[in-house]
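Here is a walk through one model, written for someone who likes to know the cut-offs behind each term. Have the viewer ready and follow along from one side chain to the next.

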Amino acid sequence: MTGRITESEKDSDHFRIVFQSDAKTAFITFEANRTEEGIHFFHTEEFGMTTPVLGPIMNFLIFKVFFRKNPGELK
């Protein structure tokens, strides 16, 4: 996947970086906070179109119709 960093913030106790795919259908956020015990790091992934009207329709078609997972594949 190719894309670019759309947000980046950093201070001495925290950082946050948001990556957006070139197709604008994937957002990955990397974030870390300093704690007394060390560092708490996590990331979130969001997939799908984010446009208000077209996004939900396209997401339904992509994830529920065209690329629907077969329940037998989850084993």
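R16 is partly exposed, with a relative accessible area of 23%; buried means under 20% relative accessible area, exposed over 50%, and partly exposed in between, with a 1.4 Å probe and protein chains only. Before going further, please keep in mind that this is a predicted model, in which local features need pLDDT of at least 70 and side-chain atom pairs count only at pLDDT 80 or more, while totals for chains, interfaces and linings use all residues. Residues are numbered from 1 along each chain as its sequence is written, and side-chain values use heavy atoms, leaving out hydrogens and water.

Which partners does R16 have? Its side chain meets that of E7 in a salt bridge, at 2.6 Å from N to O, and R16 also forms a salt bridge with E31, where the closest N and O atoms are 3.8 Å apart. The second pair links distant parts of the chain, with R16 in strand 2 and E31 in strand 3, 15 residues apart. Through these shared partners, E7, R16 and E31 are joined into one network. A salt bridge here is a side-chain nitrogen of Lys or Arg within 4 Å of a carboxyl oxygen of Asp or Glu. Side chains of opposite charge can pair when their charged atoms come close.

A search of the whole structure finds three salt bridges. One of them pairs R34 with D13, the closest N and O atoms being 3.2 Å apart. R34 lies in strand 3 (residues 26-34) and D13 in the loop between strand 1 and strand 2, so this pair ties together parts that are 21 residues apart in sequence. R34 is exposed at 55% relative accessibility, and D13 is partly exposed at 44%.

Now step back to the strands themselves, which, like helices, are DSSP runs numbered from the N terminus (helices H or I, at least four residues; strands E, at least two). Four strands form an open sheet in the order 1-2-3-4, with antiparallel pairing. Strand 1 and strand 4 (39-47) each have a single partner strand, so one side of each is left without a neighbour in the sheet. On average, neighbouring strands of this sheet are turned by 10° against each other, direction ignored. Two strands count as paired if DSSP finds at least two bridges between them; strand 1 and strand 2 (residues 14-21) have eight, in the antiparallel sense.

In the loop between strand 2 and strand 3 you will find K24. Phi of K24 is near 60°, a positive value in a residue other than glycine. K24 is partly exposed, with a relative accessible area of 47%.

Finally, how far can you trust each part? The protein chain averages a pLDDT of 83, and 80% of the residues score at least 70; pLDDT is the predictor's confidence in each residue, from 0 to 100. Confidence is highest in strand 1, at 95, and lowest in helix 1 (residues 54-66), at a mean of 72.

How values were computed
Axes are lines fitted to C-alpha atoms, for helices over the stretch in contact, and angles run from 0 to 180 degrees between N-to-C directions.
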